[in-house]
Amino acid sequence: MTRITLPRPDDWHLHLRDGAMMRAVLPETTRDFARALIMPNLVPPVVTAAQATAYRDRILAAMPEGADFQPLMTLYLTEETEAADLRAAAESGLITAVKLYPAGATTNSASGVSDFTRVKPVLETMAEIGLPLCVHGEVTDPTVDIFDREAVFIDRVLDPIRREIAGLRVVMEHVTTRDAVDYVRAGGSDLAATITTHHLVINRNHILAGGIRPHYYCLPVAKREEHRRALVTAATSGEAAFFLGTDSAPHLDSAKLMPCGCAGCFTATNTLSILAEVFEAEGALERLEGFASRHGPGFYGLPVNEDRVTLEKGEPVSYPAAIATEDGPVTVFDPMMPLHWRVVA
Ligand code: NCD
Ligand code: ZN
């Protein structure tokens, strides 16, 4: 096969940031994607419906000319979130999901949740109206090893929440372990997971062996090779519970290349090329369509995009090493393998 056409993909987990950064990275997503679920971890976070409306309007104002792209907004869940505000935001169609960050788990998560009993009424409202909860699934307990934080989160936090709030629809975001894949498989139709591009490509050796590579550092941190293999198997399996959320998370190089550098891989630019390469290597190119274009809308109850994209295989394709912003460069994720698939239409 040297050519594939699929419904225009969606990205179910994207960081667009704001201001100059947003203007620089937005075209990298609108080029290939029809919709993206926009993460609310701005500073300050997008907590209320009014803030989500204003953020959506800033995104629409920054849209490159001719782009046909719909940002799907989320609210950042805090212990002060009001069920009525959230319900109104969902019923008006403003928001597509709510994002749960355990307080302190990752970039800009200080306003997240520490005491899960305090968000129970809001989660009950969400279960009632069918509004999905997107979960950053890592415990923040400093005594838990960083490589175990996802698996421990499932047992200590996620499973108890799902047992207590019957009918709550949950997306376990950017899963990185076999444990999470197994948990999602056993979870039924109210549970799904996003998988990033970079976690299909790197394991923890890529970050740490032979020198430290800050551009491969993201959260959840990449795990052992056996976990990466579990993710590749899940993504290419055709199972509807697994779909693409790139977690493309731009940071200025000056913020990554530091004694204490930021977490996040920027993959918007070359994601489709990388995914085609990964799926082809698994003999699963025909399943890319499910992962990138069908399973996400299926879970969220939205139509599959009618527009199409075509990828063609040929000589190795190169992508810019970095995207320029007014404040400096953002390095594009380097998959460390030649890419042969390019988006041609
Ligand atoms: C994300 C970011 O930079 O906002 N970073 C990351 O490593 N993935 C936050 C997140 O999704 O955890
Ligand atoms: Zn993210």
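Is Leu191 buried or exposed? I looked this up first. Leu191 is buried, at a relative accessible area of 2%. I keep in mind that this is a predicted model.

**Entry: Leu191**

I placed Leu191 in strand E8, which covers residues 191-195. Next I checked what surrounds the side chain. Setting aside neighbours within four places in sequence, I found Leu191 in contact with Arg162, Val170, Tyr183, Val184, Ala241 and Phe299. I also looked at Arg169, which is 22 residues away along the chain. The C-alpha atoms of Leu191 and Arg169 are separated by 6.0 Å.

**Entry: Glu150**

I then went to helix H5, residues 149-164, where Glu150 sits. Does a salt bridge go with this buried residue, or what is the nearest side chain of opposite charge? I found no salt bridge for Glu150, although it is buried. The nearest side chain of opposite charge is that of Lys223, 4.8 Å away. A salt bridge needs a distance within 4 Å. I did find a polar partner. The side chains of Glu150 and Thr176 make a polar contact at 2.9 Å. I listed the other neighbours too, leaving out residues up to four places away in sequence. Among those that Glu150 touches are Gly137, Glu138, Met172, His174, Val175, Ala180 and Pro220.

**Entry: helix H10**

How many of the 11 residues of H10 are buried? I noted nine, so this helix, residues 271-281, is largely enclosed by the rest of the structure. The buried residues are Thr271, Leu272, Ser273, Ile274, Leu275, Ala276, Glu277, Val278 and Phe279. I traced what they pack against.

**Entry: zinc ion (ligand 2)**

Which protein residues are donors to the zinc ion (ligand 2)? I found His13 through NE2, His15 through NE2 and Asp247 through OD, lying 2.0 Å from the ion. In sequence, the donor residues follow the spacing H-x1-H-x231-D. I checked the geometry next. The angles among the four donor atoms run from 92 to 136°, and the site is irregular. A tetrahedral site would need all angles between 85 and 135 degrees. His13 is buried, with a relative accessible area of 1%. His15 also counts as buried, at 7% relative accessibility.

Methods: Residues numbered from 1 in each chain as written. Chains lettered and ligands numbered in written order. Predicted model: local features only at pLDDT ≥ 70, side-chain atom pairs only at ≥ 80, totals over all residues. Heavy atoms only, no water. Helix = DSSP H or I, 4+ residues; strand = E, 2+ residues; numbered from the N terminus. Buried < 20%, exposed > 50% of the residue type's maximum accessible area, 1.4 Å probe, protein only. Lys, Arg positive; Asp, Glu negative; His and termini not counted. Polar contact = N/O pair within 3.5 Å; in protein donor to acceptor, adjacent residues only side chain to side chain. Contact = heavy atoms within 4.5 Å. Donors = N, O, S within 2.8 Å, 3.2 Å for Na, K, Ca; no water. Tetrahedral: all angles 85-135°; square planar, octahedral: opposite > 155°, others 65-115°.
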